[in-house]
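Visitor: I'd like to go through this model with you, one topic at a time. Could you put it up first?

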Amino acid sequence: MKALLATAAVSVLLLAACGTAGGSGTTTVNPNARTVNATLTDSKIVLDQSTVPSGKITFNVKNGGTMIHEVVVLKTDVPADKIAPDPDEPGKMSEDGSQGESGDLNPTEAKTFTLDLQPGNYVLICNQPAHYLLGMHIAFIVK
Ligand SMILES: [Cu+2]
């Protein structure tokens with residue numbers, strides 16, 4: 001009987017631990033999470049969070065690559081890897097739905113910009129020629 005009680009107590013503790021550990025890797029929205037840290041490498045965009053509440057969102061963008069990069073915020077329901085090419089500029093993608101962008105960042109440079117974002121599906125891309133095709137795109141959700 002004592003052993004059973006001990007097991008039950010451990011189970012309760014484990015459940016409690018799970019309850020408070022929520023948030024990592026889930027779509028839980030932290031209402032205070034209005035700052036997104038974005039790191040640009042030469043082949044991808046890395047975000048510290050990909051789901052934020054609607055309203056003013058501040059993007060801290062850091063170029064960790066070896067060439068000029070940027071971040072363009074597109075509001076679109078198109079999947080991140082299916083953005084249409086720009087017919088007028090080879091290697092670049094259409095910026096339909098653009099809400100704003102960082103502008104060009106030299107290697108090691110960092111920039112901060114703030115956008116007022118409505119709920120919806122977004123894709124963040126780097127639109128330096130061919131960079132999107134190298135993998136510089138990531139889905140982003142505003143709830
Ligand atoms: Cu780039």
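Visitor: How many salt bridges does a search of the whole structure find?

Guide: The search finds two salt bridges, a salt bridge being a side-chain nitrogen of Lys or Arg within 4 Å of a carboxyl oxygen of Asp or Glu. Please keep in mind that this is a predicted model, in which local features need pLDDT of at least 70 and side-chain atom pairs count only at pLDDT 80 or more, while totals for chains, interfaces and linings use all residues. Residues are numbered from 1 along each chain as its sequence is written, and side-chain values use heavy atoms, with hydrogens and water left out.

Visitor: OK, which side chains meet in a salt bridge at 3.6 Å, N to O?

Guide: Those are K82 and D81. K82 is exposed, because its relative accessible area is 55%, whereas D81, at 46%, counts as partly exposed; buried means under 20% relative accessible area, exposed over 50%, and partly exposed in between, with a 1.4 Å probe and protein chains only.

Visitor: And E89, which side chain does it meet?

Guide: E89 meets K92, with 3.9 Å from N to O. E89 is partly exposed at 38% relative accessibility, and K92 is partly exposed as well, at 22%.

Visitor: Switching to the metal: which residues coordinate the copper ion?

Guide: The copper ion is held by H69 through ND1, C126 through SG, H131 through ND1 and M136 through SD, at 1.9 to 2.6 Å. Donors here are N, O and S atoms within 2.8 Å of the metal (3.2 Å for Na, K and Ca), and since water is not among the atoms, sites may look incomplete.

Visitor: What's the geometry of the copper site?

Guide: The site is tetrahedral, with angles of 90 to 133° among the four donor atoms; four donors count as tetrahedral if all angles lie between 85 and 135 degrees.

Visitor: Are C126 and H131 buried or exposed?

Guide: Both C126 and H131 are buried.

Visitor: Now the rings: how many aromatic pairs does the search find?

Guide: It finds three aromatic pairs, where rings of Phe, Tyr and Trp (its six-membered ring) pair if their centres lie within 6.5 Å, and planes under 30 degrees apart count as stacked, over 60 as edge-to-face and the rest as tilted. One of them joins F59 and F113, which are stacked because their centres are 5.2 Å apart and their planes are at 20°.

Visitor: How about F59 and F140, what sort of pair do they form?

Guide: F59 and F140 form a tilted pair, 5.7 Å centre to centre with 55° between the planes, and both residues are buried.

Notes:
Tetrahedral: all angles 85-135°; square planar, octahedral: opposite > 155°, others 65-115°.
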